[in-house]
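Welcome! Please take a look at the structure shown here and keep it in view while you try a few exercises.

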Amino acid sequence: MSNATPLADRQAVHARSLADPDGFWLEAATRLDWMTAPSRAGDWSFDRDDFHIRWFEDGVLNVAANCIDRHLATRGDQVAILWEGDDPTTAPRHITYAELHREVSRFANVLKGLGAGKGDRITLYMPMIPEAAFAMLACARIGAVHSVVFAGFSAEALAGRIADCDSRIVITADQGRRGGRTIALKACVDEALAIARAVDHVLVVRATGAEVPMTAGRDIWYHEAALNVAADCPPEPMAAEDPLFILYTSGSTGKPKGVVHSTGGYLLWAAMTHATVFDYTAPDVYWCAADIGWVTGHSYIVYGPLANGATTLMYEGVPNWPTPARIWEVVDRHRVTTLYTAPTALRALMKEGDAYVTGTSRASLKLLGSVGEPINPEAWRWYHDVVGGGRCPVMDTWWQTETGGHMITPLPGTPAKPGSASLPFHGVDPRLLDAEGRELDGAAEGNLVIAASWPGQMRGLWGDPARFFDAYFSLYPGVYTTGDGARRDADGYWWITGRVDDVINVSGHRMGTAEVESALVLHADVAEAAVVGFPHDVKGQGIYAYVTLNAGVAADETLRAALRDWVRREIGPIATPDAIQFAPGLPKTRSGKIMRRILRKIAEGDTASLGDTSTLADPGVVKALLSESQARV
Ligand code: WT7
């Protein structure tokens with residue numbers, strides 16, 4: 001590696017970042033281009049009485065100017081976005097920084113023409129095409145707050161997200177492409193808008209050229225609107241604390257949380273972690289194989305890499321289409337130096353055998369990254385040995401939608417322990433607490449909390465400050481609660497053990513069990529539902545639903561299939577239950593609380609150790625569940 005950081009050096013930087021946060025962060029902030037430089041760094045308190053989180057408060061900047069304009073003089077002709085289509089015979093697109101400037105400015109002017117401006121929320125429901133990034137950056141350029149909704153979410157889910165942040169404009173495309181299939185995005189937006197309160201405008205990007213119905217007065221073709229606007233649009237000066245975007249994520253209740261990120265602190269965090277963890281140096285070709293619908297796509301396809309003047313590869317398709325060699329063929333085709341993907345993709349590809357990998361060169365690769373869930377040592381070794389040919393360090397990055405960017409992660413030069421995310425990034429102060437909130441020292445396992453604010457920390461939940469405090473700062477006073485469990489070993493390395501709340505991690509995506517339960521009970525035949533995670537060899541965790549039917553309803557395979565479809569339609573394919581068990585009753589305490597611990601054990605097949613069942617209101621329920629637990633879909 002060109003800039004490997006020896007362990008002792010990173011530990012020294014980390015110590016300084018905690019000892020002198022103001023000095024450290026004001027200096028770090030100079031990596032951004034400020035219209036007015038900030039005079040102070042963090043100003044925060046996690047205490048209930050004085051709760052606030054602010055960074056670089058008097059600084060003024062524009063995110064799009066940082067991601068585009070400031071690179072024009074030095075790298076206007078360098079490729080900013082390198083696009084690889086779903087179909088391998090489609091010509092790749094190379095968008096230089098100069099072109100990105102024109103495209104984003106035009107997009108920004110179209111949005112302005114529709115009346116959008118500072119502080120307005122704009123929902124994006126987009127396929128993985130460069131126009132998705134143009135639209136995000138165009139919002140940033142005019143100070144509008146984007147809310148990207150993953151294009152795999154259902155119309156119902158999209159409608160809820162449009163309504164929650166009161167978006168007046170939705171940006172979509174006629175269709176998307178993924179794995180050789182088309183996805184009817186515009187049709188889905190139409191369906192969502194039949195549910196949600198009407199918006200003023202739907203801006204439609206022509207992606208596949210399919211015929212789609214356009215509602216007069218509301219729907220506008222982007223390519224037509226773009227003909228009439230200037231290719232220059234001055235970036236709006238924004239306060240560092242102005243919101244940059246909202247991103248909905250699952251929590252432990254049925255309603256998704258609108259995580260709000262800031263302009264200055266977030267951009268600094270995305271840029272600094274991208275540069276440091278991936279050791280980016282031009283003209284490397286960097287590829288984060290996530291979707292812009294998730295935070296990984298925001299921070300590590302768009303904002304981090306572009307703020308650093310990188311060439312960021314954007315891939316429209318899926319890792320295993322048309323063949324399981326696709327991802328490695330793309331690496332060779334574009335001479336990718338850094339690949340950042342999820343353990344679930346690695347496990348799926350690993351199953352196909354090494355030949356798909358070893359049949360490609362991958363000589364360009366220098367560094368590999370992993371994100372989304374704990375990477376099991378077997379997948380780590382395969383990634384390192386087979387994919388990376390033993391030459392490339394693996395960065396197992398632990399972070400969350402809420403954290404904005406990497407929190408616990410190796411840096412190039414950090415000695416690896418497969419399965420451990422290793423050490424905290426600069427400025428990150430992780431701690432372990434036991435169930436009563438007592439801090440655990442040394443080698444220990446407990447609840448992972450963060451004791452100090454960092455610039456990339458979320459600033460709130462859209463429209464719900466009370467829920468923000470309750471969800472993250474009330475269980476253990478004075479710290480940020482991550483919802484993850486972790487173990488710290490004798491060397492101070494961190495091992496994430498998974499969620500400790502009612503959230504499960506399916507293929508690296510967060511799914512609230514309560515969300516799936518809410519969807520199930522909406523079905524006319526369902527009386528009650530309880531959802532838990534269970535170990536799944538490709539997805540990490542699968543979704544296991546226990547369903548109690550209304551009296552008189554036949555528990556048959558037709559209904560099982562119908563319920564799976566129902567959840568897909570209500571939330572989206574990622575929420576599809578892997579197993580549905582019809583349960584005459586659910587195990588409850590005498591006060592009526594569902595005992596999920598027991599349901600988890602049964603779903604795991606670990607029926608020998610159900611633990612204490614003496615508090616059950618009706619112990620007979622468990623016997624019935626056990627006898628039917630074989631009936632997985
Ligand atoms: C949850 C956050 C981080 C962006 C993508 C997912 C789990 C994430 C790791 C990792 C172990 C990980 C945690 C976390 N997670 N990365 N490297 N090792 N666990 O973002 O949807 O907000 O999910 O993903 O459980 O809390 P998210």
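This is a predicted model: local features need pLDDT of at least 70, side-chain atom pairs count only at pLDDT 80 or more; totals for chains, interfaces and linings use all residues.

**Exercise 1.** Find which residues the UniProt annotation "binding site" covers.

*Solution.* Start from the record: the unreviewed UniProt entry places this annotation on V521, H523 and V526. Next, locate two of them in the fold. V521 belongs to helix α17, residues 513-521, while V526 is part of strand β29, residues 526-536.

**Exercise 2.** Decide whether V521 is buried, partly exposed or exposed, and do the like for V526.

*Solution.* Count C-beta neighbours inside 10 Å. V521 has 14, so V521 counts as partly exposed. V526 has 20, and the cut-off for buried is 20 or more, so V526 counts as buried.

**Exercise 3.** List what V521 touches beyond its neighbours within four places in sequence, then list the contacts of V526.

*Solution.* First take V521: its contacts are V526, E528 and A529. Then take V526, leaving out residues up to four places away: V526 touches L520, V521, V547 and L549.

**Exercise 4.** Describe the shell around the ligand.

*Solution.* Begin with the count: 24 residues surround the ligand, and the closest are P374, Q400, T401, I496 and R510. Sort the shell by class next, which gives 8 nonpolar, 11 polar and 5 charged residues. Finally, look for the elements involved: at least two shell residues come from each of α11 (295-307), β20 (394-397), β25 (480-488), β26 (494-499) and β28 (509-512).

Notes
Residues are numbered from 1 along each chain as its sequence is written. UniProt positions are given in the numbering used here, feature names are shortened, and annotations may be inferred rather than shown by experiment. Helices (H or I, at least four residues) and strands (E, at least two) are DSSP runs, numbered from the N terminus. A residue is buried if 20 or more other C-beta atoms lie within 10 Å of its own, exposed if 12 or fewer, and partly exposed in between; C-beta atoms are placed from the backbone. Two residues are in contact if their C-beta atoms, placed from the backbone, lie within 7 Å. A residue is near a molecule or strand if its C-beta atom, placed from the backbone, lies within 6 Å of it. Ala, Val, Leu, Ile, Met, Phe, Trp, Tyr, Cys and Pro count as nonpolar, Asp, Glu, Lys and Arg as charged, and the others, Gly among them, as polar.
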